[in-house]
Amino acid sequence: MAIPITVLDCDLLLYGRGHRTLDRFKLDDVTDEYLMSMYGFPRQFIYYLVELLGPSLCRPTQRSRAISPETQILAALGFYTSGSFQTRMGDAIGISQASMSRCVANVTEALVERASQFIHFPADEASKQALKDEFYGLAGMPGVIGVLDCIHVAIKAPNAEDLSYVNRKGLHSLNCLLVCNLRGSLMTVETNWPGSLQDCAVLQRSSLCSQFEAGLHKDSWLLGDSSFFLRTWLMTPLHIPKTPAEYRYNMAHSATHSVIEKTYRTLCSHFRCLDGSQGALQYSPEKSSHIILACCVLHNISLEHGMYVWASPLTGPGEQPPEDEYEHLESLDLEADQIRQELLLTHFSNVEDGEKGDFPEVVTNFHPHHHLHSSII
């Protein structure tokens with residue numbers, strides 16, 4: 001058991017025989033297997049984070065011996081990936097609970113500061129078209145630039161009087177809006193919404209909605225499930241499909257939308273602090289929101305470094321409700337209805353034997369916001 005001492009630095013802990021003290025812990029002194037099992041990331045990735053975040057973590061201090069960026073990053077990664085209480089992870093790395101808390105806070109803020117660097121939609125038209133081509137190749141849905149969903153992450157109750165964070169299951173949570181591409185890389189993350197807000201209300205209030213309503217991503221759309229309203233830029237499944245074309249549309253929609261579900265499982269499988277199996281995040285809503293966003297930044301950086309693509313299904317009690325618990329929302333947008341009918345007519349009606357059609361010329365030039373008469377030749 002670790003015993004705190006006050007010689008030189010009150011954060012140093014004295015271990016029994018065979019353990020290293022904090023000032024002697026070096027990445028090169030341990031194996032890759034140890035780093036992966038304790039911190040969830042390989043050595044070179046951790047070195048990359050030290051280089052990336054080091055300037056933000058080397059802040060002036062009154063202390064005689066500040067905790068190094070390397071140790072701060074290890075402490076935060078250990079917490080993100082294990083979901084363990086800070087005391088246990090702090091004991092493993094050799095720092096006190098107070099220092100562990102500061103490390104997690106410092107690394108979290110450093111990652112949040114860089115969120116826009118790693119989480120964003122492509123800016124050029126060629127990259128957007130590449131996204132549409134990739135999604136079309138998956139299940140035949142044209143014009144798709146990303147898939148959308150909301151997930152709940154459990155947090156401690158802010159206070160007894162505040163019920164805004166109580167979700168439909170009676171638990172306190174943040175409702176987080178995510179959009180990803182076909183690889184599972186996140187292009188939009190909004191983590192600050194109270195758990196009591198329904199998914200459609202979160203989207204309505206989001207900056208993502210403002211971007212699409214302003215035409216920032218024109219001639220493109222997102223896919224969302226039945227918890228959202230159909231919009232001119234958001235295609236949802238048909239509540240009760242009746243025709244073969246409608247069934248094919250729903251099947252293609254489901255196959256494409258499953259990408260965000262896999263992304264959610266990957267995120268929570270790697271960052272166990274989010275999946276609820278170790279309990280709720282023991283922080284204020286604001287700090288919890290930042291921790292979720294920091295994990296999303298790390299998720300995208302991991303994908304850039306080729307670390308993983310998909311994870312196995314969750315084993316913990318995740319907060320994502322099954323789709324059949326959602327109320328199916330009817331469309332209130334006549335223009336959006338017309339666009340979906342156009343999609344059914346041009347891409348899912350003239351299909352033989354239940355297979356998707358081969359329409360490469362139409363798909364690569366498909367503009368979802370054009371009216372019916374302008375798209376049919």
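**Ground rules**

Residues are numbered from 1 along each chain as its sequence is written, and side-chain values use heavy atoms, with hydrogens and water left out. Since the model is predicted, local features need pLDDT of at least 70 and side-chain atom pairs count only at pLDDT 80 or more, while totals for chains, interfaces and linings use all residues.

**The whole protein**

Let's start with the overall picture. The protein has 14 helices and seven strands; these are DSSP runs numbered from the N terminus, with helices being H or I of at least four residues and strands E of at least two. Of its 377 residues, 53% are buried. Buried here means under 20% relative accessible area, exposed means over 50%, and partly exposed is in between (1.4 Å probe, protein chains only). Now take the contacts between residues at least 6 apart in sequence: 70% of them join residues at least 24 apart. A contact means heavy atoms within 4.5 Å.

Helix α2 covers residues 43–57 and has a kink of about 40 degrees at Glu 51, shortly before Pro 55. That bend is the angle between axes fitted to the seven residues ending there and the seven starting there.

Which residues of α2 are buried? They are Arg 43, Phe 45, Ile 46, Leu 49, Leu 52, Leu 53, Gly 54, Ser 56 and Leu 57. The cover over them includes α1 (32–39), α3 (69–82), α5 (97–113), α6 (115–118) and α11 (285–304). A handy bit of background: an α-helix has 3.6 residues a turn, so residues three or four places apart point the same way.

Axes are lines fitted to C-alpha atoms, for helices over the stretch in contact, and angles run from 0 to 180 degrees between N-to-C directions.

| Helix pair | Crossing angle | Axis distance |
|---|---|---|
| α2 and α3 | about 115 degrees | 9 Å apart |
| α2 and α5 | roughly 110 degrees | within 10 Å |

The angle makes α2 roughly perpendicular to α5, and α2 and α3 are therefore roughly perpendicular too. On this scale, angles under 35 degrees count as roughly parallel, over 145 as roughly antiparallel, 65 to 115 as roughly perpendicular and the rest as oblique.

The crossing of α2 and α3 is right-handed. On the α2 side, the contact uses Ile 46, Tyr 47, Leu 49, Val 50, Leu 53, Gly 54 and Leu 57, and α3 brings Pro 69, Glu 70, Gln 72, Ile 73, Leu 74 and Leu 77. The crossing of α2 and α5 is right-handed. There, Leu 53, Ser 56 and Leu 57 of α2 meet Asn 106, Val 107, Ala 110, Leu 111 and Glu 113 of α5.

Gly 143 sits in the loop between α7 (125–139) and β3 (144–154). Is Gly 143 buried or exposed? Its relative accessibility is 0%, so Gly 143 counts as buried. Gly 143 and Leu 223 are 80 residues apart in sequence, yet their C-alpha atoms are 10.0 Å apart in space.

Arg 340 belongs to helix α12 (residues 334–348). Arg 340 counts as buried because its relative accessibility is 9%. Leaving out residues up to four places away in sequence, Arg 340 touches Leu 230, Met 235, Thr 236, Pro 237, Leu 238 and Tyr 249.

Asp 219 has a phi near 60 degrees, a positive value in a residue other than glycine.

Methods
A crossing is left-handed if the near helix is turned anticlockwise from the far one by less than a right angle, and right-handed if clockwise.
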